[in-house]
Amino acid sequence: MIEKKGKSLRKNFKIALIGNPNCGKTALFNALTGGNAKVGNYPGVTVERKEGWVSSPGGLSFNLLDLPGTYSLEARTPDERITSEVLFGHRHEEEMPDVLIAVADATHLERGLGLILELRALGKPVVLALNMTDLAEKQGLMLDWVILARELGVPVIPTVATQTQGVQELLTAVEHQLRSVGGFWSQQVPIQNFQISHEEGIKRRFAEIDRILALAVLKPSQPSRWTDRIDRLVLHPLWGSLLLVLILGLVFQAIFTWAQVPMELLRSVVGWLGEQVAHRMPEGPLQSLIVDGVIAGVGSVLVFLPQILLLFLFILILEDSGYMPRAAFLMDRLMGRVGLHGRAFIPLLSSFACAIPGIMATRTIEDRRDRLTTILVAPLMTCSARLPVYSLLIAAFIPNRLVLGSLRLQGLVMFGLYFFGVFAALMVAMLLRRSLLKGPKPPLLMELPTYKWPSPRSIWMGLLERCRLFARRAGTVILAVSILLWFLASYPKPLQGQPGPAIAYSYAGRIGHALEPWVKPIGFNWKIAVALIPGFAAREVMIGSLATVYAVEGQGEKGVKDILGAKLAKDWSVATAMSLLVWYVLACQCFSTLAVTRRETNSWTWPGFMLAYMTCLAYAGSFLTYHFAVALGFG
Amino acid sequence: MSPEVKRKTHKLGELRKNSLAMIVKVGRAGDDVSQVARLMEMGLLEGSSVEVVHEAPFGADPIAIRVRGILVALRRSEANAVEVLIHD
């Protein structure tokens, strides 16, 4: 990166986008790049780094960097720190931007301009993109652009990012700035005095904004009453809480019921594919590899894509519309009981989809201890990868009879498992906050943004990103594990005339047998032990591996879920199934979670701790469950 | 009322829903400096007027206040760092 700087004929200019949270900065980034972007991470921290490419009307190439949203260059969260480090040139891997595009929400002029005044003092050329001007005009704002630009000392370009309006004008303005670096605009306003205290600086900035707006604003906008009206319901102590429960109910209904249709479809496609291949290929090791290893293994995971996407769809809509911080507001007191921040609600909710985005979402939590606690308990929330295991075991072991009138026992058990996960997470959080991560309660202070219609474009992009990640995972880790497991379960073959199932002689069988004494006290047999090993790479793989372990044993029978369920029901006691369910609620069986925790915490200590405490918890929980169930006669 | 007559001020965290007030002081002795700066960045400055517009369920805490055109959520304990004069 640094070497590039020395090149004399540099054709790519670096442009950084900076703005408050909720100013539409990401929408503007998408509008500018048209999705031509790469998402990565800053080294050492897990702050998302988004870079895109765009050509200006005058033919210049721009590298566009989307910096994390901030209210001030006085950084406090890891995200904000990145923004100021890049702008002050303290991150060596990142070149200093040539031009800054400051994004401000036109409906909240008073807010966004403070940051511009700070940016202006950096001495870099700045262009102000005044975003959401359509909304501001609708609200009656009348603004003298010339005066605003003159008083701020930067060119002002009105934009409507969601409709890609003003994008070309913005790029042209950036070009002008590059051609006249050190020229007219950036020199006009004297650089601010750095000798004053931060508090004094804030006061002066607000005073300066008041002065500028008094000159430039001909008619102020009437803030949208819609947000107020909606909030009267959404933030109402009673109705707001009920609405939150309703929304959560809807989300769960969606992932458990609506997602079943596309999932069944995918499942039958996978089954059909396996049959076709089995028909057309000669029997032998290669056919076995493709049908029992690749198709059965990857297919068993692929069927969860609809469920994961549906969950992310809800989370993206709730985030985009401005509801998420309100949920944090409503939940802060309850979360506070166990020592968590209201903002922990969002990461924990995301963890119902997958702990990885959940853990990454903890970046918005400022306090280190708070953030660590949230990270450590996030994997206890029931992620969607556990769902296939739950539904398999519940369908196989829990009778689907009606209880308490109209409730189905199977549904009730499923709900119970979710509840148990949440309960465990809260208990562990409370214990951690009172022992290892003891400390003062960090502040809640946050803006509740104006409601917006979620932008279909950004939701679509978010979902696409999910699909890509999932496909990469299925194509790499899950594929590799499926093949490895198939090999371990298939070889070495038993010698002619040896009694018992073939898998007992394979490597997998040997590993399982070696582990058996360890898992026997919690009611597991050696086959479960075998399946748990690949399950560590990805939880949902366990179904595929159970299918492999049991299907290989059953003379080439395909690991279709119903057949597998029936086999398990014959082979295991109810106590064993319950013990395994509890194990699945509590155990940290996900290498990706540990990897992301390492990245987030920048040490192996915390992922190590996570693995250790969750394994102990799971072992204890399964032990108690198994023996309790046996005592009740379910052995 | 002459300027010498001092009116009683309140802590922002003591205000109930729908109260309207003007900020007279941000930060008390011993308050965390960065926390005070954060409040000020949100627009809680001397002279800004604030309105308590929402109270959360479970003990009416945290609260949401309107200040300088935006809605800000904070706990009552945090709001106590702000001294206000209630409008009549």
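How are α22(A) and α23(A) oriented to each other, roughly parallel or roughly perpendicular? In this predicted model, helix α22 (residues 507-519) of chain A and helix α23 (residues 526-535) of chain A have axes that come within 7 Å and cross at roughly 110°. Angles of 65 to 115 degrees count as roughly perpendicular, and α22(A) and α23(A) are therefore roughly perpendicular to each other.

The contact of these two helices involves several residues on each side. From α22(A) come Ala508(A), Gly509(A), Ile511(A), Gly512(A), His513(A), Leu515(A), Glu516(A) and Val519(A), which meet Trp526(A), Lys527(A), Ile528(A), Ala529(A), Val530(A) and Ile533(A) of α23(A). By class, the residues of this contact are 9 nonpolar, 3 polar and 2 charged.

**The contact of chain A with chain B**

Chain A gives 30 residues to the contact between the chains, and chain B gives 28 residues. On the side of chain B that touches chain A, the elements below each supply at least two residues.

| Element of chain B | Residues |
|---|---|
| α1 | 33-41 |
| β3 | 49-55 |
| α2 | 57-60 |
| β5 | 70-74 |

The largest share of this side, 8 residues, comes from α1(B). The side of chain B that touches chain A holds 16 nonpolar, 5 polar and 7 charged residues.

Helix α1(B) has buried residues, namely Ala37(B), Arg38(B), Leu39(B), Met40(B) and Glu41(B). What do the buried residues of α1(B) pack against? They pack against α9 (198-216) of chain A, and also against β2 (20-26) and β6 (82-86) of chain B. Just after α1(B), Gly43(B) has a positive phi of about 100°.

**A sheet with strands from both chains**

Strands of a sheet pair through backbone hydrogen bonds, in a parallel or an antiparallel way. Here an open sheet of 7 strands takes in β12(A) along with strands of chain B, in the order β12(A)-β5(B)-β4(B)-β3(B)-β2(B)-β6(B)-β1(B), and the pairing is antiparallel. Which strands are the edge strands? They are β12 of chain A and β1 (10-11) of chain B, each of which pairs on one side only.

Strand β12 (residues 446-448) of chain A is joined to β5(B) by 3 bridges, and the two run antiparallel. One of the residues of β12(A) in this pairing, Met446(A), has Ala73(B) in β5(B) as its bridge partner.

How values were computed: Residues are numbered from 1 along each chain as its sequence is written. Chains are lettered from A and ligands numbered from 1 in the order in which they are written. This is a predicted model: local features need pLDDT of at least 70, side-chain atom pairs count only at pLDDT 80 or more; totals for chains, interfaces and linings use all residues. Two residues are in contact if their C-beta atoms, placed from the backbone, lie within 7 Å. Helices (H or I, at least four residues) and strands (E, at least two) are DSSP runs, numbered from the N terminus. Ala, Val, Leu, Ile, Met, Phe, Trp, Tyr, Cys and Pro count as nonpolar, Asp, Glu, Lys and Arg as charged, and the others, Gly among them, as polar. Two strands pair if DSSP finds at least two bridges between them. A residue is buried if 20 or more other C-beta atoms lie within 10 Å of its own, exposed if 12 or fewer, and partly exposed in between; C-beta atoms are placed from the backbone. Axes are lines fitted to C-alpha atoms, for helices over the stretch in contact, and angles run from 0 to 180 degrees between N-to-C directions. Angles under 35 degrees count as roughly parallel, over 145 as roughly antiparallel, 65 to 115 as roughly perpendicular and the rest as oblique.
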